[in-house]
Amino acid sequence: MTDAPVRHSRRGLIVPFAIAGLILAAWTVWWFALARQVETRATGQIESLRQAGWTIDTAPLSVDGWPFRVRLNLGQARVVAPSGHGLEASRLVAEANAWAPLTWVAIAPDDLTLTRPDKGRIRIEGDGARMSLAGIDRPWPRFAMELIRPTFTPVGSAEAFPISRAEHVSLEAKPGPQNQAVDVLFQMVDARGRAGGPVEGVTDSGLLSARVELRMENAEGLRTPSDEGLMAGWSRGGGRFTHVRGLLESGDNRARIESESLSAREDGRLEGRISMSADRPAAVVAGIAGRGAGAARMAGAAGSDVALVLDFRDGRAWLGPFAVAPAPRLF
């Protein structure tokens, strides 16, 4: 007599698949709820900005990316602030990991167009533009933007941008002490200045790299921009730059800059003092002052390997007794 074969229960084989199926179902419900919330909040934020005077044009919003990403497709997008400053992208996509929806990355894989109310439009082309926001539930999220091998081309009769191209440009901002300030880091690698512009003068037609860090005091003022723009509202609310430190490099030439406080006048022109220590300050002075006999005289007087103090007052930039150029405009 033969024993009947032992029949093993298939429960042990089915249970893992059942658990995986339940997890997938729960995750899918979570993803669709999150996607719906993202679309609703994005639509609400756009409408709120429109009511505040912004012009925002996008393609109909859509969300995809299941199962691991939440991707918000805006298509061709155009954003113009009440001040007239604006940005256009031929294609704009923002996405986050579904398990970390408080960190977002926006990508503009094609060209951008920057609109300046008094100077015209600039087309920005290159290998891509990327912006990220981390901790969007905090008073001040961490912000980062980078342009990879950008070129800057005036559109029509627009005034040229200070630089014509660069290898890399980035801007980072993070909360400062007690969320009362914002710390900013700007970096630019191998930038070429526009023809006849100050960057070309400083570098003698070479390439310029820069690293500048500073603190924007009175961060609360950044929440209430005026009709003239974000910087105007912040400045007129008592905003100022402190802890300014920077390094400018062009070939073998280096210049270090420092300032304890910089602010803006009512007309937007910079006020304050910048100390500059340059290996070869002649080119720096000539670039600030422009070309001509006066610039050459001041450049020669600067000597070499000396410290310079540049004063911004009365709407001008002063080097000792010489008014070398108009002070830069913040807005």
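M216 is buried, because its relative accessibility is 9%, where buried denotes under 20% relative accessible area, exposed over 50%, and partly exposed the range in between (1.4 Å probe, protein chains only). The structure is a predicted model, in which local features need a pLDDT of at least 70 and side-chain atom pairs count only at pLDDT 80 or more, whereas totals for chains, interfaces and linings use all residues. Residues are numbered from 1 along each chain as its sequence is written, and side-chain values rest on heavy atoms, with hydrogens and water left out.

M216 belongs to strand β14; helices (H or I, at least four residues) and strands (E, at least two) are DSSP runs numbered from the N terminus. Leaving aside neighbours within four places in sequence, M216 is in contact (heavy atoms within 4.5 Å) with A181, V182, V184, L222, M231, W234, R240 and F241. Between M216 and L262, which are 46 residues apart in sequence, the C-alpha to C-alpha distance is 9.8 Å.

L207 is also placed in strand β14, which covers residues 207–217. L207 is classed as partly exposed because its relative accessibility is 30%. Residues up to four places away in sequence not being counted, the contacts of L207 are R165, D190, A191, R192, E249, S250 and G251.

The phi angle of D190 is near 50°, a positive value in a residue other than glycine. With a relative accessible area of 34%, D190 is partly exposed. A positive phi, of about 60°, is also found at N179, which is not a glycine. N179 is located in the loop between β12 and β13, and its relative accessible area of 32% makes it partly exposed.

On a 1 Å grid over the protein atoms alone, a pocket is an open set of points where a 1.4 Å probe fits, with protein on both sides within 12 Å along at least five of seven lines, and lining residues have an atom within 4 Å of a point. The second largest pocket holds about 300 Å³ of space, the volume being that filled by probe spheres set on the points, which are joined across faces, edges and corners. Its lining comprises 16 residues, of which E172, K174, D183, V184 and L185 are the closest to the centre of the pocket. Two or more lining residues are given by each of β9 (142–148), β12 (168–175), β13 (181–193), β14 and β15 (241–250). The largest share of the lining, four residues, is supplied by β14. By class, six lining residues are nonpolar, two polar and eight charged; Ala, Val, Leu, Ile, Met, Phe, Trp, Tyr, Cys and Pro count as nonpolar, Asp, Glu, Lys and Arg as charged, and the others, Gly among them, as polar.

Further sites were examined elsewhere in the chain. S235 is found in helix α3 (residues 230–236) and, with a relative accessible area of 10%, is buried. Residues up to four places away in sequence again not being counted, S235 touches A264 and F331. N253 lies in strand β16, residues 253–264, and is partly exposed at a relative accessible area of 24%. N253 and D279 are 26 residues apart in sequence, with their C-alpha atoms 6.0 Å apart in space. The peptide bond that joins W66 and P67 is cis, with omega about 10°; P67 is placed in the loop between β2 (62–64) and β3 (69–80).

For the protein chain as a whole, there are five helices and 20 strands. Of the 331 residues, 34% are buried. Among contacts with a separation of 6 or more, 49% join residues 24 or more positions apart. The chain exposes about 19100 Å², of which carbon and sulfur atoms supply 56%; accessible areas come from the Shrake-Rupley method with a 1.4 Å probe, and for residues only the protein chains shown count as cover. The average pLDDT, the predictor's confidence in each residue from 0 to 100, is 86, and 85% of the residues score at least 70. Over residues 291–302, however, the pLDDT is below 50, and this stretch has 15 contacts in the model beyond near neighbours in sequence.
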